[in-house]
Amino acid sequence: MEGQLHANLEISVEKPPGASPPSFIALLKVYRELLVSRIRNTRCLIDNLIKNDYFSTEDAEIVVQFPTQADKVRKILDLVQSKGEEVSEYFIRVLQKVTDAYYELQPWLDEIGYEPSENICSKLVVNTDPVSRYCQKLRYELGRDSKFVMSYAQREEMLLEEIYSNSVMELVGFTNESLGEVCQLEALFDDAVGLINEDGETIYVFGDAGIGKSILLQKIQSLWARKELDIGAKFFFRFRCRMFSCFKEDEAICLKDLLFKYNCYPDQDPTEVFHHIVQFPHTVLFTFDGFDEIYSNFDLSSVPEMCSPNEPIHPLVLLISLLKGKLLKGSKKILTARTGTEIQRNIIRKKVLLRGFSSNNLKEYTATFFKDEGQRTLVLNQLEANPNLCSLCSVPLFCWIIFKCYEHFHSMFDSHELPDCSVTLTDVFLLMIEVHLNRSVKTNLLKNNTRSQAEMFKSRKETLLALGKMAYKGMENSFFIFEQEEVSSVNISEGDLQLGFLRTVKGYSGCDNQSTYEFLHVTLQSFFTALFLVIEEKVSAKELLQFFNECSSTDTAQPTCLRIPWLKKQLAGEDPFRNNEHFHFTNLFLCGLLSRSKQKLFRHLVLPAVIKRKRKTLITYLGESMKSHLKGVTRSTLPNYSQIQVQPNFVWMLRCLYETQSEKVGKLAAKRMHANYIKLTYCNAYSADCSALSFVVHHFQKRLALDLDNNNINDYGVKQLLPCFSKLAVIRLSVNQVTDHGVRILYEELSKYQIVTFLGLYNNQITDVGAKYVAKLIEECSSLEYVKIGANKITSEGGKCLAQAIQKSKTMFEIGMWGNQVGDEGAKAFAEALRNHPTLTNVSLAFNGITTEGGKSIAEAMQHNNSVKIFWLTKNELDDEAAMSFAEMLKVNKKLVHLWLIQNRITAKGVKYLSEALKENTAIKEVCLNGNLISQEEAKAFEHEERIICF
């Protein structure tokens, strides 16, 4: 229709060069229905037409009498056209100038190439549209609010642009299988990538505590405010989910108040603005941060599933209705939560897993943080020398803490190196506490403060105890926001507030007249809770271990938040809003604070006998808990191995054991596993967890198999496994963000010990450089039998190196190369490797861009091979000519059992060649040809040969 209108316009209004300009009256007539459909606001047009004396008051009254918006626009157009060319041009000028109100017409204005005349340019145009003015206000306020990031010292704010750094964001499916990385934030909203449920409306972003979920939302907010996020969103409303815990059970508000009161309020006509939002929900973007932090006793089953946008109801019901699409259906929503908060599929549109910093991300962040090149080089060198610390730095929050501590000590003492020994998370948080206590100490201009950590903690014992007591009270009830009364009740002074551990937050519910506080991160509240349990002498054994009991559950399913139909079903009597990670962190810090190495620090804060009693209680509990946990794991017997399949909770147990730094505890854990094959797949383990794993595994006396597939290990984690390599016969690291650097470490270590039989590196970030290291390992390590290196970035160059190494190997049993790009050159090299190979049994060159030329080389070489039983060549570009070569091969090769040629370009002609060849081959069990260029009708001709599988 629009194209036709444009053609009509060209006929009616285009003039020869030198003629009078086109008629604006004619323009409005031709595009009348387009204008009627896209003008959402008439008020701004009427106001400007009146202000310039083009409309009278009577004209305006006539327009407003019409019941619908479309009819009002039609009447305005009638009146404007009746008043002549100047008024018609001014009408178009208003549409051009008030961009925010008439943004849908901007492409049309560009298309007609409208340029205002000098007379019309002199006429004033004022934006009186309450909707677009509210959008401008929203952008201003959200831009201002997102400009700075509050640091761990309230006196210091940092520019978001100077502190934000990209991290690894991965689109995943419902079972967390990888669907590719997110390279641009706009891709989050692009349905072309990562869409897993077109009926869902929520982009679900999840990851561990401190991984960068909140700052990602702040970045998105900042981009939207600067009009640098082109996703069609006019409105942006952001909420921190923990605020919903502040509302009392009997509170009720309407959707309009929820949006405006807790974001920003329209200066003009809020009813019209809200009506516009309800009418055009697709123009709204919501962010809900920290869904797992909602803790409420409100009974959701007592309210109807449907609710009105105008009726007051409990805020939690509004939240759920928005997420379900029962309110403002079609709006865009981003929901964040910590790992383990599983939401049912019907609300999720996309799932995005935040994995933290890759090695390159960390280098970029270091360059952003340390402007001085000398200091930056020093930090990078120290991180490289300490893989343990480097692993902690893959979590953005912990990295920031470590860097701030380094920066502080460097400024105070001219030079301060990062620790060069094993560093635990407890060490990092103790260092952070020390830094902020140090900042509160007044020092002489000529003399730096040189108090030791123990002296500093002793001098501020009452402050630490008060903060710990409040953290503990909140942790008991899973509360993260504290009112002024709660702060005062534990004797936290104004000076204590200035230390930077707490920050004020906007009041919710009935707390508007007084300050409300929260710890700057949930992990900090966990740390102070653990600190309180250690330094408060009256804490009983039961109280000391209470948060371990919170984490203990016979149910192995991941915890969820809400007891409502669209979320996972909860156990009877269980809190409907629940995630245990803050308890896990509390337990982890408790283990670290009660470690033997911290006794010197705490002997000035609490009696040594009390510390000894608490440590004994904890160690005894850990021993019994470990025994109980390992009894419950799934066990199976494999050839040469006794396997245990552990759950994600096992990773938290390892983390706690590592924090104790007790060799006795580590040795006991290794002994009680009663297995030599540890399967830790899909456990959300990240690089620093490899330190904890090594802490236990290095106590094993025999050879060991370690399966870490589908985690977040990366190169730092590989380096953390150094103490284990002398025992590892099987190492599986598929889907772990491992790059060429990590592969180099594997080569250097595994080639030393010559015991590895299986190397799994499927779906990582390995290029030809890494492939060359794997090739060297195959050549040098005669024990290596299985290599899985598919779905990487290996081209013909890397493929040739691998093939040449396999050709030399006398032990290689299986090579998996699915999903690389070795092409015909790589295929020819593998063909040479296959020729007369004595042991190679399973080969996959699927999805490698191999065409007829490469296929013919492989087929010819296979005529001279008696070892291969299974050959996968799925998803290549093999045609009938290649099929003919494979048919010739099958007449000679009587050892091959399975040949997969699925999803190639073979027609019925090629299938006939293969079918004829099978008459001379009784050994092969199947030739799979699904997904080729064969119709069901054509396939009937081969039904007599059951080994030919076409469908």
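This is a predicted model: local features need pLDDT of at least 70, side-chain atom pairs count only at pLDDT 80 or more; totals for chains, interfaces and linings use all residues.
If you look across from E170, you'll find E181 in β4 standing opposite. The two strands make a hairpin with 5 residues between them, and N176 in that turn has a positive phi of about 65 degrees. What holds strands like these side by side? Strands of a sheet pair through backbone hydrogen bonds, either parallel or antiparallel.

Now hop along to an open sheet of 3 strands, where the order is β10-β12-β11 and the pairing is antiparallel. β10 (482–483) and β11 (502–505) sit at the edges with a single partner strand each, so one side of each has no neighbour in the sheet. The partner of β11 is β12 (residues 516–519), and the two are joined in the antiparallel sense over 4 bridges. Within that pair, T504 has Y517 in β12 as its bridge partner.

Next, let's head for the inside. Nonpolar side chains tend to be buried together in soluble globular proteins. Here, the largest nonpolar core has 270 residues, and F237, F403, I858 and F871 have the most contacts inside it. Take F403 as your guide: leaving out residues up to four places away in sequence, F403 touches L362, Y365, T366, F369, F370, V379, L383 and C393. Apart from that core lies another one of 37 residues, including L28, V36, F91 and Y102.

Y762, W818 and F847 make a nonpolar surface patch of about 260 Å². Y762 belongs to the loop between β18 (758–760) and α36 (768–780), and it counts as partly exposed because its relative accessibility is 32%.

What about charges? Side chains of opposite charge can pair when their charged atoms come close. Searching the whole structure turns up 42 salt bridges. In one of them, R144 pairs with E141, with the closest N and O atoms 3.9 Å apart. Both lie in helix α10 (residues 130–146), 3 residues apart, or about one turn of the helix. R144 is partly exposed at 43%, while E141 counts as buried at 19% relative accessibility, since buried means under 20%.

You can see that spacing in helix α40 (residues 880–892) too, where E888 and K891 are 3 residues apart. Their salt bridge has its closest N and O atoms 3.2 Å apart. Finally, R240, R242, E293, R503 and E518 are linked in a network of salt bridges.

Terms used
Residues are numbered from 1 along each chain as its sequence is written. Side-chain values use heavy atoms; hydrogens and water are left out. Patches are made of residues with over 30% relative accessible area and no salt bridge: like charges are joined within 9 Å, nonpolar side chains (Val, Leu, Ile, Met, Phe, Trp, Tyr) within 5 Å. Accessible areas come from the Shrake-Rupley method with a 1.4 Å probe; for residues, only the protein chains shown count as cover. A salt bridge is a side-chain nitrogen of Lys or Arg within 4 Å of a carboxyl oxygen of Asp or Glu. Buried means under 20% relative accessible area, exposed over 50%, partly exposed in between (1.4 Å probe, protein chains only). A nonpolar core is a set of buried Ala, Val, Leu, Ile, Met, Phe, Trp, Tyr and Cys residues joined through side-chain atoms within 4.5 Å. Contact means heavy atoms within 4.5 Å. Two strands pair if DSSP finds at least two bridges between them.
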